[in-house]
Amino acid sequence: MGPIAEELGARFRAGGHELALVGGPVRDALLGREVHDLDLTTDAVPQRILELVEDWADAVWTIGIDFGTVGLRKDGQQLEITTYRSESYDPESRKPEVSYGTSLRQDLVRRDFSVNAMAVRLPEGEFVDPFSGLADMRAGRLRTPGAPRDSFGDDPLRILRAVRFAAQLGFDLAPELTEAASDMAERLSIVSAERVRDGLSKLLLSPDPRRGVELMVEIGAAWYALPEIPKLRLEIDEHHRHKDVYEHSLTVLDQAIELERERGFAPDLVLRLAALLHDVGKPKTRSYEPGGRVTFHHHEVVGASMTKKRLSALRFSKDTVADVSKLVSLHLRFHGYGKGEWTDSAVRRYARDAGHLLQRLHVLTRADCTTRNRRKAAALARAYDDIEDRIERLAREEELNKVRPDLDGNEIQEVLGISPGPMVGKAWRYLLELRLEHGPMSKEDAAAELRKWAEEHGG
């Protein structure tokens, strides 16, 4: 528990109140996982909590006080204390209705799963497990403390939490939980977009998001959280090497995560979203050619638009929406590389268009190779090795990430004898293309090329 939790427990007891460590920290400690922040619960109402911690905590915040939660920090440790409570959804509401409870057991029975309904009373350290969470944890099983239909009716987001915990902890869903989640998946439609977004983000950043996505599709929750994914099950990919585009997308997600680890990247939400969504444009672009071949021309363009629309609806940040959409739009660009016939200018454009997403694009493009033909896979890997090597060489030679025209705006005006205006911008863009096509040149040569261009354009 640690001295801070024990000290706080003694403080609440002296004040005539109960306090218990509860939920995730208890579960994680029993699983041998690292525990960061502490969640606690008490019979004290929020105003009383504030009185008890006011001259003890290093900092206190009340952003969640409307839901009965007071946050605080002590000696670098972050804690949240919540009054015993129960919460549920009105059938037509997007927000939970909160009412305070009077006992620890009453508080535990409202929690999502039995493995999160274990507690430790403070300061004495008594272990409280009225719903056999420890036995479920040992069995690798997710159950609800009460009837699963009541639990999902109280908060439909728990359906997504179930698949997230399955992915995060490697647990199986109890049969009655799976049945209730399938029957009640439509209730997710009343949950706010922000809560769904946060649930999906946590799922994708878990150690095994594929398992969570498969469960989400299996129980029907995906139709209300990310409907583009189950739609992929209907599409056969053009190589006829996979069961369908859905399976291919999950494999790309797996391979992107493996490449993340190999390259020392932290779990990357942008990359994982792009891997999962990179082919969502295929259903809308499917067409059949003579001989029965299926094609999906321009699915990357359509997919980027669909991705932008979906992630915006889920209230992802503008930067996340832009970055994921751009990766989806670029994921096929490499396939024009062939056997390395690209000129240096084409390689420069590839890197320039990717911009700050270049390393993620490297990973996504490599992960998108799911062919079972070892010779073809090896050839694609060699080709991408080559383009990465060329990008690195050009970057060293030319500082590719800082590519600018050889003349700036003031120099352009001086060479052409013009004032600020649209012509300067056109000349700047021309010189940038020239730089990308031929590499750096001297200012004298750039000025000569600029005069030639201006004469041809009536300057």
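## Terms and basis

A residue is buried when its relative accessible area is under 20%, exposed when that area is over 50%, and partly exposed in between (1.4 Å probe, protein chains only). Helices (H or I, at least four residues) and strands (E, at least two) are DSSP runs, numbered from the N terminus.

The model is predicted, with local features requiring pLDDT of at least 70 and side-chain atom pairs pLDDT 80 or more, while totals for chains, interfaces and linings use all residues. Residues are numbered from 1 along each chain as its sequence is written, and side-chain values use heavy atoms, without hydrogens and water.

## Strand β4 and its partners

Five of the six residues of β4 are buried. Strands count as paired if DSSP finds at least two bridges between them. On one side, β3 (residues 59-61) pairs with β4 in the antiparallel sense through three bridges, and V60 stands opposite L72.

β4 and β5 also run antiparallel, joined by six bridges; here T69 faces T82. Two residues lie between the strands of this hairpin, in which D75 has a positive phi near 50°.

## Lining of the largest pocket

The lining of the largest pocket draws at least two residues from each of α2, β2, β4, β5, β6, α7 and α9. Helix α7 contributes the most, with six residues.

## Helix α19

Helix α19 (residues 358-367) is largely enclosed by the rest of the structure, because eight of its ten residues are buried. Among them are L358, L361, H362 and V363.
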